[in-house]
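This report covers a metal site and some aromatic contacts. The structure is shown first.

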4 protein chains.
Amino acid sequence: MRLMFLGDIVGRSGRQAVIQRLPGLVERYRLDFVVINGENSAGGFGITEEICQDVLDAGADVVTLGNHSWDQREALVFIERQPRLLRPVNYPAGTPGRGANLFVARNGARVLVMNVMGRIYMDALDDPFAAVARQLDACPLGEQCDAVVIDMHAEATSEKQALGHFVDGRASLVVGTHTHVPTADHMILPGGTAYMSDAGMCGDYDSVLGMDKEEPVQRFTSKIPRSRFEPANGEATLSGVCVEIDEMTGLATDVAPLRLGGKLAPALPGFW
Amino acid sequence: MRLMFLGDIVGRSGRQAVIQRLPGLVERYRLDFVVINGENSAGGFGITEEICQDVLDAGADVVTLGNHSWDQREALVFIERQPRLLRPVNYPAGTPGRGANLFVARNGARVLVMNVMGRIYMDALDDPFAAVARQLDACPLGEQCDAVVIDMHAEATSEKQALGHFVDGRASLVVGTHTHVPTADHMILPGGTAYMSDAGMCGDYDSVLGMDKEEPVQRFTSKIPRSRFEPANGEATLSGVCVEIDEMTGLATDVAPLRLGGKLAPALPGFW
Amino acid sequence: MRLMFLGDIVGRSGRQAVIQRLPGLVERYRLDFVVINGENSAGGFGITEEICQDVLDAGADVVTLGNHSWDQREALVFIERQPRLLRPVNYPAGTPGRGANLFVARNGARVLVMNVMGRIYMDALDDPFAAVARQLDACPLGEQCDAVVIDMHAEATSEKQALGHFVDGRASLVVGTHTHVPTADHMILPGGTAYMSDAGMCGDYDSVLGMDKEEPVQRFTSKIPRSRFEPANGEATLSGVCVEIDEMTGLATDVAPLRLGGKLAPALPGFW
Amino acid sequence: MRLMFLGDIVGRSGRQAVIQRLPGLVERYRLDFVVINGENSAGGFGITEEICQDVLDAGADVVTLGNHSWDQREALVFIERQPRLLRPVNYPAGTPGRGANLFVARNGARVLVMNVMGRIYMDALDDPFAAVARQLDACPLGEQCDAVVIDMHAEATSEKQALGHFVDGRASLVVGTHTHVPTADHMILPGGTAYMSDAGMCGDYDSVLGMDKEEPVQRFTSKIPRSRFEPANGEATLSGVCVEIDEMTGLATDVAPLRLGGKLAPALPGFW
Ligand SMILES: [Fe+2]
Ligand SMILES: [Fe+2]
Ligand SMILES: [Fe+2]
Ligand SMILES: [Fe+2]
Ligand SMILES: [Fe+2]
Ligand SMILES: [Fe+2]
Ligand SMILES: [Fe+2]
Ligand SMILES: [Fe+2]
């Protein structure tokens, strides 16, 4: 089974790259399932219903979120009617939407997808380890589902790596998001779970986190805001990870980064 | 001019990889200058005089540090007599040792090397941007020196990227350390400075930050320390970045990651 | 009903003040119930079984903890056999000991006591608001119990105040601990809950947080540890809060600070 | 010499209390010098030129700021022409306005006033200890000035206490601001410097930090913003500290809290 995960879409440049390139990737690689983090897709802050639909139309099966989930307040409403949009599963009880859901891939596989937020240097939320364990217990890989994808939206590599090891053998993929920079540590953990600390962003990398670099640099040096943060509008790099999943076990047999377009060195999966 | 920078050496496994592989790399690539971050080389915490000497003997020209600089207290003393060991330049006035120094490479080039610490999610120190600017003003690229290497020891990608843009055109390389995970965003910024958000570590990647994974995972889940953190002892990956520097301008013409051995996908510079 | 709550006991000086003065206070004011935070009672870090017993013998009915709960590892064991020692209720499931318990006061009243930790600028734990609400739902004031005391061990005044308002009318007292400085904002909230942002510490106030001031000052200025933190050994001030609770409603009718001995201006309850 | 310092003015309710009560206090106590923190005086966020003038007209000699200095952007401009408005002295070089200034009190004394920001759990700024030391070296108490007042705008009590001890004997008063809750630890340190960890706020204490309590409580529990923060509009308590300063030494001979009006227990200096 062929799974692709793409990191945080940032602004118009990131959306355009997804809309223009994803359909071709789905076709070229005969992708069975695509997950994309969309927490910065609306001007860098949150997501709107229209943008969410555009991303799904381009070929995403699921859109995940993060600490910017509610920056566009309409997301609090339309997430209730959009089961393909997931917010962090460890938000407080009563939060609109859902943090995990079961989907059917193009090859018929049942895929459990989860979005969970780390707590190190992030907002105070409930335990991501316990939240993930509860979901895995309720829908174990190889029993209630055929693949498990976990988007760990977190700052610290220690917490991401620890979560990877924590679920090793119980998930198909643990991939980090949030730092907006792809890591080069894609690997298959000893128990068979594919892992990559951060998928990077789908955005313009001649920037600071996908935002025009001038304002962030001057804020770091002067400590005074001059203007709003605006997404950088150079060509985006699509950035993410490709995983070949064994349909019998739900575990990963191959993992490779995907980087396409824009400023970063290109990378395509050699095994497909 | 051929420059190599390697990320944080973690424990015995990381030291062994450096000692065994670096001499061959220096020879194979005819490296002119090598910088290695050594803040975790002594059992994961700090550096000793003996280890520092071993790393220099293996072919490093300079060893940099970070938030773990003084974990081995002898470093406070021997750093005064070891000009090739640098601690963060933005430590308080009066801190032992130095944060920047000028060295002569094997090709005769004068190389300014700086170690600076970020402040986002890190200890409270003086402004890294101002500290770096002061050094660059005192020893400008193309005038008092032929190459400038900045090790930005920091957690947040935003701060690292902002520093890269801040010195773009005034440094040969800005490379991050501290997250212990290599990033795949090596690039040459518009002004000619090579950039990579994190060099990764020289350590065992089947771990949490190079440390045996059991204790970190159980601390995240139980919030109770059971034992000390110990370095993981599987085979280390050497991880870092290679930069070809134009001897006329001091700016970068090529940049590529280096990853060798251990769990990570290998990467070697294609341009040498 | 007469309740006294004393803040974090720091080191030998704090313990001596409690042991020497508390019996007299219990007698003089005919206290019905006494709660003391003991998280720094053993050399500034944690608590031992012997010290816990000494504090109970001096007149405390309950000892609460905080982020230093397990600094003395024996606490992980003996807390299981000591129902009068409470650790934060929002620690992960499976943590030794308990975070809330029901006790009988000297006047026969059933008192629910809870220890809960804030998350702002503190370690990542589960939601203190939800954790407290669960306890209050299980044992509502005026039904299953006659008084409710909540020790909110937290850094930020915003989080403490918010918790106070959150439970206003459902608890007899919400009192903060952890900053080691008494606040002067004791009041009865509109719903009848007595509130004080921080009880202060039972320790020597010519210090930094009850610890000898030399090492903290030099760490702030030099960023280099020179020696261990040691409790200051000047005379301690007992610091806390006194609450008169209406036996019919379980709500507060009077609240006043208590400060006795040492460097701080003395304060005694005028209403007893 | 009679000095009064009042903590952060929050919103209209805080301003009204200052404007209505301060002139009477100046007269009643024949105050020689008054400093007020005004960082939240404009709707809870920053200060305007008009509000600054109103506070000065009411009897303040100096208005200090903090992390909210620039919430009203006009402050970046008018601070340049208002020498009685101070922003933190450890802001980056080039920041508009000044962080310390020398004033003449009504008794003719030369008073050095400084505003400095802590770094623990606060924004990353330059070293407050070094910044304060530089000012004190340039204008030593008993030589270039007759009194020194330091407003330490900080979150952590440890950093405030450490600064107090660091300057003990070199300043007349070190008083904290920012937590919006008065502490009860006013004292004269061994070297003669009056100290109080936090002056509290001039605002409505039936609130969260002076802001209407509903939104903060629901944000803590739901993690979703519903509306903007608005200042609470109940009657404000004036909160601060009074210091009697020896005109020969510049050191403190008496210190006492001031709390007047609103929800807090009243406190007036007994020694005047
Ligand atoms: Fe993002
Ligand atoms: Fe994010
Ligand atoms: Fe490191
Ligand atoms: Fe580090
Ligand atoms: Fe404490
Ligand atoms: Fe504490
Ligand atoms: Fe304030
Ligand atoms: Fe503030």
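## Metal site and aromatic contacts

In this predicted model, the iron ion (ligand 3) and the iron ion (ligand 4) lie 3.4 Å apart, and B:Glu39 coordinates both. The protein donors of the iron ion (ligand 3) are B:Asp8 (OD), B:Glu39 (OE), B:Asn40 (OD1) and B:His180 (NE2), at 2.1 to 2.2 Å; donors are N, O and S atoms within 2.8 Å of the metal (3.2 Å for Na, K and Ca), and water is not among the atoms, so sites may look incomplete. Along the chain these donors follow the spacing D-x30-E-N-x139-H. Both B:Asp8 and B:Asn40 are buried (under 20% relative accessible area; exposed is over 50%, partly exposed in between, with a 1.4 Å probe and protein chains only).

Over all chains, the whole structure holds 26 aromatic pairs, meaning rings of Phe, Tyr and Trp (its six-membered ring) with centres within 6.5 Å; planes under 30 degrees apart count as stacked, over 60 as edge-to-face and the rest as tilted. Two of these pairs are tabulated here.

| Pair | Type | Centre to centre | Between planes |
|---|---|---|---|
| C:Phe271 and C:Trp272 | edge-to-face | 5.3 Å | 85° |
| D:Tyr29 and D:Trp272 | tilted | 5.7 Å | 50° |

C:Phe271 is partly exposed at 27% relative accessible area, while C:Trp272 is buried at 18%. Both D:Tyr29 and D:Trp272 are buried. In chain A, A:Tyr29, A:Phe271 and A:Trp272 make up one aromatic cluster.

Residues are numbered from 1 along each chain as its sequence is written, with chains lettered from A and ligands numbered from 1 in the order written. Local features need pLDDT of at least 70, side-chain atom pairs count only at pLDDT 80 or more, totals for chains, interfaces and linings use all residues, and side-chain values use heavy atoms, leaving out hydrogens and water.
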